[in-house]
Amino acid sequence: MVLIADSGSTKTDWCVADSGKQVQRIMTKGINPYFQSEEEIVHELQAALVPKLPTTTFDAVYYYGTGCLPEKIPMMKQALNSQLKAATVEVYSDMVGAARGLSGRNPGIVCIMGTGSNSCYYDGKDIVNNVSPLGFILGDEGSGAVLGKLLVGDLLKNQLPAGMKEKFLQQFNLTPGDIIERVYRQPFPNRFLASLSPFLNQNITVPEVRSIVLNAFRAFLTRNVKQYDYKNNKVHFIGSIAYYYKDILEEALRDTGMQIGTIVQVPMEGLVEYHKS
């Protein structure tokens, strides 16, 4: 029996699998060792994961997560080992998880488009090229956080049709001051901004709203994917933003002359299959 985790900034998808079949799925908050201490991660595992597991003893634990940079992997392993017993505990970046879940053992260009965004060229075994996403302030084009940022900026600067700002503030029970406070003074502003992005989907028929999303996707493809061999490889996507705005994403791919690959919300089915073999 193995435990597989796919963690983004907003949520972590845990799957208990046996002989290549899913036994149980558990959702907890997102974990990010780049921003969180070992103590905070251990507390989250203790409170939200362990009570729901059928056992804490596994043949192997495979954890794929955002913020799992090489220097953060030992800390993440230690946190997992403190709560779980396994002969093997392996920790990888969420990008490796996306590549294995989408492309298996075949080469391709693999992208994440959720709260944050990222991309890579995967040769079927390893990630051989990765354009740094740079986070939602400097990069993360096309992500939920950046879509939320663009939306709020346009609303508060009165760039969208009349009445939309009032509608937005009422729907989310926010004031402009609340938004400034959440973005500049409170933790996880990326999660907050991403939580606002569904407003775009709800109003996607408004031309100005649709343009925000389409232009953000074009920017992601131009600034990231064009640095890989996109003419000879399909471009695969994973993440809630890619999944829920699939039609607009496919339009952006066609506009930039790219081959459309697989677009799914989560990589778990592919990861279970990958670790089965």
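How many residues lie between β1 and β2 in their hairpin? I counted three residues between the two strands. I note at the outset that this is a predicted model.

**Entry 1: strand β1**

I stayed with β1, residues 2-7. Its pairing with β2 (residues 11-18) is antiparallel and runs over six bridges. I looked for the residue facing Ala5 and found Trp14 of β2. I then checked β4, residues 57-65. β1 pairs with β4 in the parallel sense, again over six bridges. Ser7 has Gly65 as its bridge partner in β4.

Next I asked whether the faces of β1 are covered or open. Both are covered. Val2, Ile4 and Asp6 are buried on one side. Leu3, Ala5 and Ser7 are buried on the other. In a regular strand, side chains alternate between the two faces of the sheet. I logged six of six residues in β1 as buried, so the strand is largely enclosed by the rest of the structure.

**Entry 2: helix α3**

I moved to α3, residues 94-103. How many of its residues are buried? I found 10 of the 10, so this helix is largely enclosed by the rest of the structure. Charged Asp94 and Arg100 are among the buried residues. Gly97 and Gly101 are buried too. After the helix comes Gly104, with a positive phi near 60°.

**Entry 3: nonpolar cores**

I looked up the largest nonpolar core, which has 45 residues. Which members touch the most others? They are Phe168, Phe217, Val225, Phe237 and Tyr245. Helix α10 (residues 207-223) gives the largest share of this core, eight residues.

I took Phe217 and set aside its neighbours within four places in sequence. Phe217 is in contact with Met113, Gly142, Ile241, Tyr245, Ile248, Leu249 and Ala252. A second, separate core holds 23 residues. Among them are Ala5, Val16, Phe58 and Leu84.

I turned to the second largest pocket and noted a volume of about 270 Å³. What lines it? I listed 13 residues. Lys149, Val152, Val183, Tyr184 and Leu193 lie nearest the centre.

I sorted the lining by class: 10 nonpolar, one polar and two charged residues. Then I traced where the lining comes from. α4 (135-138), α5 (144-156), α7 (176-184) and α8 (189-196) each supply at least two residues.

Technical notes. Residues numbered from 1 in each chain as written. Predicted model: local features only at pLDDT ≥ 70, side-chain atom pairs only at ≥ 80, totals over all residues. Heavy atoms only, no water. Buried < 20%, exposed > 50% of the residue type's maximum accessible area, 1.4 Å probe, protein only. Helix = DSSP H or I, 4+ residues; strand = E, 2+ residues; numbered from the N terminus. Core = buried A, V, L, I, M, F, W, Y, C linked by side-chain atoms within 4.5 Å. Contact = heavy atoms within 4.5 Å. 1 Å grid on protein atoms, 1.4 Å probe; cavity = no way out; pocket = protein on both sides within 12 Å on 5 of 7 lines; lining within 4 Å. Points joined across faces, edges and corners; volume = space filled by probe spheres on them. Pairing = 2+ DSSP bridges.
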